Amino acid sequence: MFLRRGRRSYRTHEMKATSRSRENEGDELKDPSKLEFLPDVVNDLDVDFADNPAADAVYKNDQRNIQKVKEATKKLQINIIHPLREGKRLLVLDIDYTILDTKPLTSGSLPSAECARPGLHEFLETIYPYYDICIWSQTSWVWLEAKLVELGMVGSTRNYQISFVLDKTCMFTVFTERNGQPYAHHVKAPQIIWNHFPQLLVYLHWTNERTLTPCLHSSAKNTIHVDDLSRNFALNPNEGLKIHAFKNAHTEQARSDWELVKVGRYMVHIAATEDFRTLRHKEWKHVLRRQSRRKCIPFYSIESRHIPSAQG
């Protein structure tokens with residue numbers, strides 16, 4: 001188990017008794033004041049540099065932001081739950097409104113399983129042969145731990161493992177401009193993961209000639225960050241894949257959500273790509289449509305749940 005700080009269990013009634021504080025903790029950076037289920041809606045508070053390389057360069061070269069990355073790297077502490085595997089890509093995955101409708105979970109209005117985005121476990125089992133999994137949430141550790149246990153993502157017999165988990169203390173504020181005005185917001189910067197594990201950037205393996213050869217592990221070349229907020233990967237927009245927020249889990253529209261099925265298909269499709277920096281994750285749905293047309297598979301078909309290999 002990944003539990004730490006002496007917290008090895010929790011009680012359901014304790015969680016409900018503190019549901020108000022949990023909701024505040026989980027939503028402080030998510031701006032959940034509008035809960036309508038609106039796929040691919042533009043968040044006025046969001047920032048997306050994927051189509052603006054010049055602005056992205058200014059953002060990354062801001063000395064304040066560079067210093068923030070250095071400071072966050074120094075204080076980062078990671079508890080490895082399951083060892084990173086040789087040759088695997090890295091998935092950095094958000095929780096709140098990405099794989100979970102947080103509001104009914106924190107309020108206790110729906111069972112945990114019904115708060116999860118449809119296909120959650122199938123998605124993780126599908127991509128696990130190709131990706132190690134990092135969960136990175138904007139909530140505090142105690143509630144992050146509770147959410148993962150409630151959802152059955154840790155401590156279960158599922159065919160996937162979570163490698164490590166990061167909470168909101170691993171995020172930091174960066175600075176830019178929006179509409180000509182100074183703007184500051186929090187980010188999740190995978191650079192601090194790469195910096196924290198320099199031994200993972202290059203490891204040695206035996207080649208056919210039986211000689212030791214350096215081989216890249218976790219870096220921008222093979223990391224993908226899935227989140228419902230573009231601003232969370234503002235310092236690494238090329239590694240980011242934005243999906244629409246999952247809300248109103250009790251509705252029929254939410255229960256027919258296929259986003260994770262499609263993301264899983266895309267991630268398996270690109271898994272054999274040597275360098276993810278050559279891809280544009282912002283066009284991931286277009287890639288799937290082209291793939292579906294070639295194979296005559298309906299884009300929203302239930303058969304799309306089956307993804308046989310990374311070469312497909």
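Me: What makes Arg 277 and Asp 275 a salt bridge?
Reply: This is a predicted model. In it, the closest N and O atoms of Arg 277 and Asp 275 are 3.0 Å apart. The cut-off is 4 Å between a side-chain nitrogen of Lys or Arg and a carboxyl oxygen of Asp or Glu, so the pair qualifies.

Me: Why is Arg 277 called partly exposed?
Reply: Arg 277 has a relative accessibility of 47%. Asp 275, at 17%, counts as buried.

Me: What makes Glu 259 and Lys 285 a salt bridge?
Reply: Their side chains meet at 3.6 Å, N to O, and the limit is within 4 Å, so they count. Glu 259 is in helix α12 and Lys 285 in helix α13, 26 residues apart. Both residues are buried.

Me: How do you know that Asp 94 and Lys 188 form a salt bridge?
Reply: The closest N and O atoms of Asp 94 and Lys 188 are 2.8 Å apart, and the rule asks for within 4 Å, so the pair passes. Asp 94 lies in the loop between β1 and α5 and Lys 188 in the loop between β5 and α9, so the pair ties together parts 94 residues apart in sequence.

Me: Why are Asp 94 and Lys 188 called buried?
Reply: The relative accessible area is 0% for Asp 94 and 1% for Lys 188. Buried means under 20%, so both labels follow.

Me: Which residues are linked with Asp 94 in a network of salt bridges?
Reply: Lys 188 and Asp 227 are linked with Asp 94 in that network.

Note on methods. Residues are numbered from 1 along each chain as its sequence is written. This is a predicted model: local features need pLDDT of at least 70, side-chain atom pairs count only at pLDDT 80 or more; totals for chains, interfaces and linings use all residues. Side-chain values use heavy atoms; hydrogens and water are left out. Helices (H or I, at least four residues) and strands (E, at least two) are DSSP runs, numbered from the N terminus. Buried means under 20% relative accessible area, exposed over 50%, partly exposed in between (1.4 Å probe, protein chains only).
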